[in-house]
Amino acid sequence: MRRRRPARTLTATVALAGSLALAGCSSAADASAHAGTKGPELSVSGAYIPQPVMADMAAGYFTVTNTGDTDAELTSVSSDLAADITMHTTTDNRMRKVNSLTVPAGGRLTLSSGGNHLMLMELTHKPVAGDKVSMELHFATAGPIGVTVPVEPTGYRPKD
């Protein structure tokens, strides 16, 4: 004897099969969307620290270029020169501490006087013009980048 399935059961079965098929398509689409992704590709240029006026505080500047196809987040900077390094933005002449700075895909993050910059606090010693300082830049989704940063005279401004 053959029993017939109620219409509700058949509808639910078809809906479940359709959902599973769509989930499979979604995974395949996600995989192909990421297949060509190479991620952030970062380099640092133009780094410098002006010789600080104060014995315990300095500023740091550089440009990070991202030739990759996804944004990168600069999350911290470390150095033997300072116990504490924080990142800041400046808008409307107001400086504000931030937890990260974005390096856009195919773009640049520029840290410069009057804009985004580093604050190096609790210096281990006061660097002078001609010194070199090691820094390490840390990113959320990319490996760290080590940079040797020259100390320039107080008031130094890089050429454009």
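I began with the surface, and the accessible area of the chain comes to about 10,200 Å², of which 53% belongs to carbon and sulfur atoms (Shrake-Rupley method with a 1.4 Å probe; for residues, only the protein chains shown count as cover). I note that this is a predicted model, in which local features need pLDDT of at least 70 and side-chain atom pairs count only at pLDDT 80 or more, while totals for chains, interfaces and linings use all residues. Residues are numbered from 1 along each chain as its sequence is written, and side-chain values use heavy atoms, with hydrogens and water left out.

**Overall layout.** I listed one helix and ten strands in the chain (DSSP runs, H or I of at least four residues for helices and E of at least two for strands, numbered from the N terminus). From the N terminus on, the elements run α-β-β-β-β-β-β-β-β-β-β. Of the 160 residues in the chain, 31% are buried (under 20% relative accessible area; exposed is over 50% and partly exposed in between, with a 1.4 Å probe and protein chains only). I then looked up contacts (heavy atoms within 4.5 Å), and among those between residues at least 6 apart in sequence, 70% join residues at least 24 apart.

**Core.** The largest nonpolar core has 29 residues, of which Ile 49, Leu 118, Leu 120, Leu 137 and Phe 139 touch the most other members (such a core is a set of buried Ala, Val, Leu, Ile, Met, Phe, Trp, Tyr and Cys residues joined through side-chain atoms within 4.5 Å).

**Strand β7.** In β7 (residues 107-111), I found Gly 107, Leu 109 and Leu 111 on the covered face and Arg 108 and Thr 110 on the uncovered one. Strand β2 (residues 57-66) pairs with β7 in the antiparallel sense over five bridges (pairing needs at least two DSSP bridges between the strands), and Thr 65 has Arg 108 as its bridge partner in β7.

**Positive phi.** I checked Asp 92, a residue other than glycine whose phi is near 50°, and placed Asp 92 in the loop between β4 (82-91) and β5 (94-98). Asp 92 counts as exposed because its relative accessibility is 74%. Glu 122, also not a glycine, has a positive phi of about 55°, but Glu 122 is found in strand β8 (residues 117-123). At 52% relative accessibility, Glu 122 counts as exposed.
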